[in-house]
Amino acid sequence: GGSRNSNSPQSSKMVLLRGGMALAAAFVLAAAVQAQPMDDQTLARAYFRWSSEGWNATTKDGNDWPVAGELGQLKASDDDDTIWYFSASPDFLGNKAEAYGGTIAFTLGHSEYNSLGLGNQEEYDIILASAVHNISLGHKHIIPPWVTSSENVVEISEEGGWVDTVTGESATRLSILRTISALTSMKFRGSLYFGHEFSYLKDVILSKGPKQDLAWVRNDAHIDELCGALKLNAVACEHYGVHLMKAMQKVNMNKLRADHATMVRKSKEL
């Protein structure tokens with residue numbers, strides 16, 4: 001019998017069919033993985049499988065910077081000493097008060113870089129900001145220089161090494177809670193070196209901390225006023241704030257005003 005021609009139309013159709021089925025299976029599998037629910041401790045997660053997933057990049061001054069997401073990485077590059085950041089999607093923003101005591105985990109890597117014989121640039125590696133409360137918190141020395149890739153985990157608490165980017169002072173519990181209860185930006189530095197570099201970000205996960213009563217920080221607009229009237233500094237305000245607000249809520253303000261008015265009237269009669 002003669003040998004079968006592997007290039008016959010029938011064979012080509014089979015190969016195409018198998019290839020199509022394999023591709024369809026890959027898409028179904030990817031969709032299934034994408035649809036997997038996040039565990040109870042995860043508040044937000046970025047995959048970057050097919051796109052940038054709503055993330056972008058900006059310079060330190062806030063100008064747009066080109067960025068692309070695919071195959072599990074968010075990528076950007078530069079040719080000089082421009083400082084720029086990967087900027088999180090809305091999934092990571094808003095009220096994330098549950099992240100207090102939790103962590104931000106991410107991998108940052110460089111497929112290529114040139115330091116021009118200089119050290120790495122000194123800047124904040126992560127910045128959390130709340131335009132609502134006019135607070136910007138930064139963290140330095142997270143990403144180790146001179147490595148191709150690093151997996152990093154940062155705690156979101158006053159023990160975590162965060163500082164106010166304006167004053168340079170260590171972030172207080174209250175400032176951290178205020179910031180993450182109304183997050184308007186979360187940024188990860190991609191530019192570490194003075195020369196050209198190709199950077200990527202991947203596996204970004206925002207996780208919850210231990211459950212606790214944070215409602216007084218989020219919902220009560222009077223705590224600053226109260227601490228100011230009592231001349232309490234930020235640390236004391238945080239320490240006593242919850243007790244003060246709970247005590248104030250028990251006071252019948254109408255009765256207090258009525259008693260005060262009566263007292264004033266009587267003092268005038270004397």
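**A walk through the predicted fold**

The protein chain exposes about 15,900 Å², and carbon and sulfur atoms supply 55% of that area (Shrake-Rupley method, 1.4 Å probe, with only the protein chains shown counting as cover for residues). You are looking at a predicted model, where local features need pLDDT of at least 70, side-chain atom pairs count only at pLDDT 80 or more, and totals for chains, interfaces and linings use all residues. Residues are numbered from 1 along each chain as its sequence is written, and side-chain values use heavy atoms, leaving out hydrogens and water.

Let's begin with the overall layout. The chain has 6 helices and 13 strands (DSSP runs numbered from the N terminus: H or I of at least four residues for helices, E of at least two for strands). Of its 270 residues, 39% count as buried (under 20% relative accessible area; exposed is over 50%, partly exposed in between, with a 1.4 Å probe and protein chains only). Helix α2, residues 173-181, is largely enclosed by the rest of the structure, because 9 of its 9 residues are buried.

Now for the charged pairs. Side chains of opposite charge can pair when their charged atoms come close. The whole structure holds 3 salt bridges (a side-chain nitrogen of Lys or Arg within 4 Å of a carboxyl oxygen of Asp or Glu). One of them joins D125 and R189 at 2.8 Å, N to O. D125 lies in the loop between β7 and β8 and R189 in strand β12, so this pair ties together parts 64 residues apart in sequence. D125 is buried, at 1% relative accessible area, and R189 is buried too, at 3%.
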